[in-house]
Amino acid sequence: MKYLPLVLAGLWRKPARTIFTFLSVVVAFILFGIMASIESGFAKQVAVARLDRLYVDTRFGGNMPIAYQNKIAAIPGVTIVEPVVSLNGYWKDPKNPAGVTMADEHYVEARPEYHLTHEQMRSLDRSRTGVIVSKTFAKRYNWKIGERFALTSPTPQTDGSKAWTFEVAAITDNYDFPDAALFMLGSYKYFDEARVTEKGMVQRFLVRIANPDRSAEIGRTIDNLFANSPQPTRTLSEKANAQAATASIGDITFFTRSIIGAVLFMLLFLTGNTLMQSVRERTPEFAVLKTIGFSDRGVLGLVLAESVILCILAGLAGLCFDKFVVPVLIGLLPSNSGNAGALLMMPWSAAATGMAFALLMAGIAGFFPALRVKRLNVVDALAGR
Amino acid sequence: MSWTRWPAAEEKKMGFLGQTGTVTRLGLSTLRNRFGASLVVVIGMACVVGALLSILSLSTGVMNVVGHGHKDRAIVMSQGAQFEGASTIKRADLGTISDAPGVMKAADGRPAVSAEIFSNLSVYKKSDGLFTFVAVRGVGTEAQAVRPELHIVKGRMFQPGKFEVIVGKNIPTLYKDMDIGSKLDLPQGQWTVVGIFESGGDILEGGTVLTDADTLSSALRAPAYKSVWVRLKSPADFATLRKALTANPSLSVELTSETDYLKREGANINTILTVIAFVVGGIMGLGAMFGALNTMYSAVSSRKVEIATLRAIGFGGGAVIFSVLAESLFLALVGALIGAFFAWAAFAGHLQSFGGVAIKLGITPRQGMGGVFFAFVLAFIGGIFPALKAARQPIATAIRAT
């Protein structure tokens with residue numbers, strides 16, 4: 001610790017050079033953080049996806065009759081079958097998309113991560129127009145409990161109107177994926193009564209099963225049950241669905257890692273070069289230090305300390321920017337940009353990886369300059385050779 | 001260094017350009033002394049341009065697929081439907097649309113219209129074994145008159161009434177069990193792949209299975225068509241047809257040109273990719289720019305005496321500024337070309353499944369130029385401040401510096 005002023009003086013010898021190097025390390029770590037967040041965001045979507053929840057969709061498009069519910073429920077191993085249909089539209093302007101998932105009381109068990117209660121879901125049926133909104137969604141449009149709003153939708157109502165009025169009854173969140181989920185839940189009973197077309201038809205069934213190991217088997221059983229019906233089904237576990245959805249966007253890991261690799265590679269050269277330049281200019285000074293009794297290891301440590309302080313501080317600044325400033329910037333994005341924000345929330349684990357990389361980089365970038373100083377021949381250096 | 005190349009007698013006659021050329025040549029000739037530092041600019045720019053172009057190659061791939069709209073083709077959808085999926089066209093309306101003015105007649109004298117319907121098929125990717133969906137589109141008997149670019153390259157056309165399909169050229173390459181003879185799991189049983197088609201690299205070729213519309217709709221028990229594609233006599237007939245369709249009180253449809261429709265489909269994803277490319281490129285560029293500033297500051301500081309000497313024998317400040325900038329831009333150019341080459345070698349021509357459509361990645365010359373230009377902008381900012389410093393330094397003190 002007592003050598004800290006010496007190390008800092010070394011860094012501050014050419015302030016402009018140090019500041020530029022510092023800033024390029026900062027921006028590189030900002031990018032590192034963003035890429036690492038995207039990667040972990042996608043990985044988490046697959047990780048939290050459940051194997052004991054199946055999605056039953058129609059095989060060839062279109063909707064299926066709600067009568068499937070009882071047939072699926074009769075299959076041994078199935079615990080809950082929940083019909084789901086969504087009403088899509090927009091709020092005020094087509095730029096503000098909004099959709100309500102219409103469900104019934106058993107949505108509580110179908111999606112336990114929403115922390116709903118039976119009473120809450122029953123109250124939606126009673127009030128008819130009540131909706132439960134996710135925290136992030138409510139925040140996006142600045143809705144409070146009790147807020148009344150109208151969705152404009154291509155789905156007509158029995159009175160011919162295409163404006164569906166709702167009232168925010170409660171606000172919750174997906175606690176497996178906090179601060180990111182965008183959803184609204186409404187009453188299926190009300191919706192089915194109010195709509196004109198496709199009455200009694202649903203888009204999907206959420207099926208919970210007792211034993212996750214049997215997901216593939218039960219999926220096949222469900223599909224076989226409806227194989228020869230007018231509307232055959234395709235059943236997949238939530239996990240398989242999430243994997244396919246992630247993969248359909250392309251190889252994200254390859255993409256993010258290539259960019260991270262390019263950034264770190266660029267940085268290594270930049271920082272290494274700055275340190276080498278600085279050390280070269282200070283050759284006589286290091287010779288003096290050695291003359292007055294600093295050991296080879298001591299001077300090596302001084303150079304490495306410079307490298308570490310530079311990289312750690314810059315890495316910290318960059319990652320803090322990601323953690324605290326990026327969420328604010330995302331809040332400023334227009335509301336139709338989907339849940340891109342969810343992918344840019346940097347988890348602490350990504351921040352820790354970032355700091356580990358900063359330290360590793362400090363070591364590699366500082367290695368050659370430090371070695372040069374360690375091997376410095378005092379007599380030659382003082383003579384300016 | 002041979003000083004005889006710049007005799008004092010000539011110095012006053014040397015114009016600005018001559019001076020600049022000389023100082024630049026001198027600067028570049030000593031570049032190898034600053035090899036390590038110069039490498040920082042080269043590598044920095046290579047990384048920035050490489051990353052930028054890699055992401056843009058994806059956007060080129062998407063635009064290759066959706067940029068193939070024909071002006072003499074249009075799509076009829078129900079009123080208010082933004083996409084084919086949301087549209088319904090009653091079977092009874094097909095005749096009215098076919099007979100409307102502006103619709104071209106096919107070689108056999110029948111109107112060039114194709115009433116279409118679709119379903120989807122889950123397929124497994126060869127690359128990672130995961131499933132994705134490809135579209136299955138039922139087309140009318142005049143489909144080839146509507147889409148003259150569509151032709152069979154292998155096998156034969158499907159026969160209406162039979163459970164037969166043809167697949168786009170890239171589908172068997174990307175997905176398992178999709179070649180001629182494969183059985184596909186479609187409504188009412190197994191459908192056989194009987195042919196492979198090409199359609200000029202558009203979205204059909206990239207990710208669609210084609211079959212007969214009436215066969216597919218009866219298998220799906222679908223009561224109506226989704227959309228009707230029409231070939232116009234000429235692009236100018238678009239307005240005629242639109243007027244005729246909207247004026248007809250029995251119809252509730254809208255006409256969109258294929259160009260506009262594809263633009264609507266592709267614009268979003270293209271914007272997202274371009275934004276990502278510029279955010280990533282911009283942040284990396286900022287880092288590279290700081291690196292360039294560092295390098296160029298150290299370059300002018302190591303050339304302090306040299307520059308001061310040139311100034312003392314009469315070279316102007318402008319020439320010095322230009323020479324420093326030229327050095328910075330030269331390094332950036334080398335880096336940008338290396339980066340562009342790597343991105344091109346890694347991605348150009350690469351076939352990838354993107355949301356169920358096969359896209360061919362590519363880097364257009366325009367994107368390449370854009371990458372180089374971006375590197376130039378960064379190198380200019382990175383070079384101008386050191387250049388000004390070099391030109392402004394007091395000659396008397398600088399010349400004595402060690």
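Mentor: The model is a predicted one. In it, R128(A) has a relative accessibility of 38% and therefore counts as partly exposed, since that class lies between the 20% limit for buried and the 50% limit for exposed. R128(A) sits in the loop that joins helix 5 to strand 5 (130–134) of chain A. Its backbone deserves attention: phi of R128(A) is near 65°, a positive value in a residue other than glycine. H115(A) also has a positive phi without being glycine, near 50°. H115(A) belongs to the loop between helix 4 (107–110) and helix 5 (118–127) of chain A.

A loop residue of chain B may be set beside these. T88(B) lies between strand 1 (73–78) and helix 4 (93–98) of chain B. With a relative accessible area of 48%, T88(B) is partly exposed. Leaving aside residues up to four places away in sequence, T88(B) touches S78(B), A224(B), Y225(B) and K226(B). From T88(B) to F158(B) there are 70 residues in sequence and 25 Å in space, C-alpha to C-alpha.

I turn now to the helices. Two packed helices are described by the angle between their axes and the distance between the axes.

Within chain A, helix 10 (residues 252–281) and helix 14 (residues 348–374) have axes that come within 9 Å and cross at roughly 35°. The crossing of these two helices of chain A is right-handed. On the side of helix 10 of chain A, the contact includes L264(A), L267(A), L268(A), T271(A) and L275(A); among the residues of helix 14 of chain A that they meet are F357(A), M361(A), I364(A) and F368(A). By class, this contact of helix 10 with helix 14 has 13 nonpolar, three polar and two charged residues.

Between the chains, helix 2 (residues 15–48) of chain A and helix 10 (residues 258–302) of chain B approach to within 9 Å, axis to axis, and cross at roughly 160°. That angle makes helix 2 of chain A roughly antiparallel to helix 10 of chain B, and their crossing is left-handed. Chain A contributes residues including F20(A), L23(A), V27(A), I30(A) and I34(A), and among those from chain B are I283(B), M284(B), F290(B) and L293(B). The contact divides into 14 nonpolar, four polar and one charged residues.

In chain B, helix 2 (residues 16–29) has 14 residues and spans 20 Å from its first C-alpha to its last, close to the 20 Å expected at 1.5 Å a residue. Its buried residues are Q19(B), T20(B), T22(B), V23(B), T24(B), L26(B) and G27(B). Helix 2 of chain B packs against helix 12 (residues 317–347) of chain B at about 45°, with the axes 8 Å apart; the two are therefore oblique to each other. Helix 2 of chain B passes helix 12 of chain B in a right-handed crossing. The contact has eight nonpolar, six polar and one charged residues.

How values were computed: Residues numbered from 1 in each chain as written. Chains lettered and ligands numbered in written order. Predicted model: local features only at pLDDT ≥ 70, side-chain atom pairs only at ≥ 80, totals over all residues. Heavy atoms only, no water. Axes fitted to C-alpha atoms, helices over the stretch in contact; angles between N-to-C directions. Helix = DSSP H or I, 4+ residues; strand = E, 2+ residues; numbered from the N terminus. Parallel < 35°, antiparallel > 145°, perpendicular 65-115°, else oblique. Left-handed = near helix turned anticlockwise from the far one by under 90°. Contact = heavy atoms within 4.5 Å. Nonpolar A, V, L, I, M, F, W, Y, C, P; charged D, E, K, R; others polar. Expected span 1.5 Å × (residues − 1). Buried < 20%, exposed > 50% of the residue type's maximum accessible area, 1.4 Å probe, protein only.
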